[in-house]
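Please view the sequence and the structure before reading on.

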Amino acid sequence: MKKYKKICIVLFILILISIPLSTFLGSANITFGQVIDVYKYHLPFANASLEDMGLNSIIWNIRLPRTIVAVIVGGGLAMTGCIMQSLTGNIMAEPYTLGIQSGAGMFAAFSIAFFDSVSPMGIIGTNTMAFLGAMLVMLSVYTISSRSKSFSRSNLILVGISISMLCSAITQLIIAFAPDNSKVRGIVFWMMGGLGGIHWEDIPFSLIVCLTGFAISFFLSEQLNIISMGKETAVILGVKINRLNKILLLLVSIIVGALVSISGSVGFVGLIIPHLARRFIGANHKELIPVSTLLGGLFLVWADTTSRIIVAPKDLPIGVLTSLIGVPFFLFIMKKRGQVM
């Protein structure tokens, strides 16, 4: 059995073990046996009873969907990180490089600040607005950066950074003109990233998007390997670069838009995890994408678990925790490359 397959199996088993462990840990005083009792209660053929339905609410309706979404978000961001680093030819790139997160944040802030659940626009929901914002920004970035005759990686990154700064500035304006302080707190909390409000209804769409994205990116892994060698090599080997770029950008924008809409901004996962995965199995995307996806899911499960217990009974926003981990890692990479003294 190949090394990367063994690593994938180990990571998958660790995720399966981590899910019940994560639902056990938290501010509420719950034993692991009680967690197992709740799981048995929901097994169709177990015929188990549960006396304390409050446990069911905490474990099954709050912690478990949150943990599952953490796996999905972590895996999706790590996978798109691999794609972005190959697409841009820059190992410092991550899914948020193109301003997708900023666009989602701007639309989410607008929704939180000026619409409520009873207004016609409020019915759409903050998550849907965030997804639409991510799609609109990605479309704008690609349209502007591809105006030249040939696709330019540097143009893509520069336009993405510019659009991201514009969206951030508009978001600050929205915060400044928000009707009341509760709206401001809601916007700030959403932008810090968190999985505290996750429900079972949030899982199907994000799971389908990530599984579809994984299948497509895995199918295109050989072409990702080729474009990583440079544009000239890719052209010689017959890769249709413009078409591939469109597919990859659309894929990344849909995945990241779907994930950001339910989790807010969870930074650095798409930067850190692909680097760690390369240390294990190298740069072959056929191996890198599965390992990164599983490693990203495992990482975010434990990052989310840590965020729940580190300042219990309060919740530390998971985006804050991943940034606290990611910034030193980013500086370490820069130093290794000789770009930081």
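The points below are grouped by topic.

The model is predicted. It holds one cavity of 30 Å³ or more, and its largest nonpolar core has 94 residues.

**Cavity**

- The largest cavity contains about 50 Å³ of space.
- Its lining includes Arg66, Phe189 and Leu195, together with the glycines Gly193, Gly194 and Gly196.
- Also in the lining are Asp304, Ser307, Asp315, Leu316, Pro317 and Ile318.
- Sorted by class, the lining residues of the largest cavity are five nonpolar, four polar and three charged.

**Nonpolar core**

- Within the largest nonpolar core, Leu248 and Val291 touch the most other members.
- Helix H3, residues 53–88, supplies the largest share of this core, with 15 residues.
- Beyond its neighbours within four places in sequence, Val291 is in contact with Tyr4, Ile7, Cys8 and Leu11, and also with Ala277 and Ile281.
- As general background, nonpolar side chains in soluble globular proteins tend to be buried together.

**Helix H6**

- Helix H6 covers residues 153–176, and its 24 residues should span 34 Å at 1.5 Å a residue.
- The buried residues of H6 are Leu156, Ile157, Val159, Gly160, Ile163, Ser164, Cys167, Thr171, Ile174 and Ile175.
- Among the elements that cover these buried residues are H3, helix H4 (100–114) and helix H5 (126–145).
- Helix H7 (181–192) and helix H11 (241–263) are also part of that cover.

**Threonine 97**

- Thr97 is located in the loop between H3 and H4.
- Thr97 counts as buried because its relative accessibility is 17%, and the cut-off for buried is under 20%.
- Leaving out neighbours within four places in sequence, the contacts of Thr97 are Met84, Ile157, Gly160 and Ile161.
- Of these contacts, Ile157 and Gly160 are listed among the buried residues of H6.

**Isoleucine 112**

- Ile112 is in helix H4.
- With a relative accessible area of 17%, Ile112 is buried.
- Ile112 and Ala169 are separated by 57 residues in sequence, and their C-alpha atoms are 17 Å apart in space.

Notes. Residues numbered from 1 in each chain as written. Predicted model: local features only at pLDDT ≥ 70, side-chain atom pairs only at ≥ 80, totals over all residues. Heavy atoms only, no water. 1 Å grid on protein atoms, 1.4 Å probe; cavity = no way out; pocket = protein on both sides within 12 Å on 5 of 7 lines; lining within 4 Å. Points joined across faces, edges and corners; volume = space filled by probe spheres on them. Nonpolar A, V, L, I, M, F, W, Y, C, P; charged D, E, K, R; others polar. Core = buried A, V, L, I, M, F, W, Y, C linked by side-chain atoms within 4.5 Å. Buried < 20%, exposed > 50% of the residue type's maximum accessible area, 1.4 Å probe, protein only. Helix = DSSP H or I, 4+ residues; strand = E, 2+ residues; numbered from the N terminus. Contact = heavy atoms within 4.5 Å. Expected span 1.5 Å × (residues − 1).
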